[in-house]
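Subject: Structure for you to look at

Hello,

Here is the structure I said I would pass on. Please open it and keep it in view while you read the rest of this message.

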Amino acid sequence: MAHKYLKEEHEIFRESVKKFLDKEVRPFFHEWEKQRSTPKDLWGKFGEQGFLVPWAEEKYGGFNADFGYSVVLIEEFEKVASGIGTGLHNDIIVPYIATYGTEEQKNRWMPKCVSGEYSTAIAMTEPGAGSDLGNIQTRAVKK
């Protein structure tokens, strides 16, 4: 897929992502799906390769990557391991910590999200809405 904003360095990164996935994920993914589980060390491997939260500041372990790196990761992971959660982690959940977290919270959580020690998720449900976040009606009332 050709994107005008992707440069040579993004394509070099893409090749390293493909090689990693071909070796560490593709041969095992269907079995993991059957087991409904991935190996505990997998996220650490993702982190070692720079595949988790690459846009994070260097002080948190990232490499200040532009969004093109996220695009490459999303495209390549979805070809091999749809639903493994890296896109959700990298580009939906961790940005909340980076944007709204205090400096203490960022120092505590961001490096572990980048390294793969921690993986994030969204877990929301409500009777009548299920996981359709747009239709959740619950609200808090201060009493």
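Below is what was found, starting with the whole chain and then moving to single residues.

Please keep in mind that this is a predicted model. The protein chain has 6 helices and 0 strands, so its pattern along the sequence reads α-α-α-α-α-α. Along the principal axes, its C-alpha atoms fill a box of roughly 55 × 40 × 30 Å. Of the 143 residues, 36% are buried. Among contacts with a separation of 6 or more, 63% are between residues 24 or more positions apart. The protein chain exposes about 9500 Å², and carbon and sulfur atoms supply 52% of that area. There are 19 positive and 22 negative charges, and their mean positions are 5 Å apart.

Next, two single residues.

Val 53 sits in the loop between α3 (42-49) and α4 (67-80). Is Val 53 buried or exposed? Val 53 counts as buried because its relative accessibility is 0%, and the cut-off for buried is under 20%. Leaving out residues up to four places away in sequence, Val 53 touches Gly 62, His 89, Asn 90, Val 94, Met 110, Cys 113 and Val 114. Phe 63 is 10 residues from Val 53 along the chain, and their C-alpha atoms are separated by 8.6 Å.

Glu 24 belongs to helix α1 (residues 8-24). With a relative accessible area of 18%, Glu 24 is buried. Which residues does Glu 24 touch, not counting those up to four places away in sequence? They are Trp 32, Leu 42 and Lys 45. The side chains of Glu 24 and Lys 45 are also joined by a polar contact of 2.9 Å.

Last, the aromatic rings.

The count comes to 12 aromatic pairs. One of them is Trp 43 with Phe 46, an edge-to-face pair with 5.7 Å centre to centre and 65 degrees between the planes. These two residues are about one helical turn apart, because they are 3 residues apart in helix α3. Both Trp 43 and Phe 46 are buried. The pair of Trp 109 and Tyr 118 is tilted, because the planes of the rings are at 45 degrees; the ring centres are 5.2 Å apart. Trp 109 is partly exposed at 30% relative accessibility, and Tyr 118 is partly exposed with a relative accessible area of 28%. Ring pairs also link Phe 13, Phe 20, Trp 43, Phe 46, Phe 51, Phe 63, Tyr 69 and Phe 77 into a cluster.

Regards

Terms used:
Residues numbered from 1 in each chain as written. Predicted model: local features only at pLDDT ≥ 70, side-chain atom pairs only at ≥ 80, totals over all residues. Heavy atoms only, no water. Helix = DSSP H or I, 4+ residues; strand = E, 2+ residues; numbered from the N terminus. Buried < 20%, exposed > 50% of the residue type's maximum accessible area, 1.4 Å probe, protein only. Contact = heavy atoms within 4.5 Å. Areas by Shrake-Rupley, 256 points an atom, 1.4 Å probe, with all protein chains shown as cover. Lys, Arg positive; Asp, Glu negative; His and termini not counted. Charge placed at Lys NZ, Arg CZ, Asp CG, Glu CD. Polar contact = N/O pair within 3.5 Å; in protein donor to acceptor, adjacent residues only side chain to side chain. Phe/Tyr/Trp six-rings, centres within 6.5 Å; stacked < 30°, edge-to-face > 60°.
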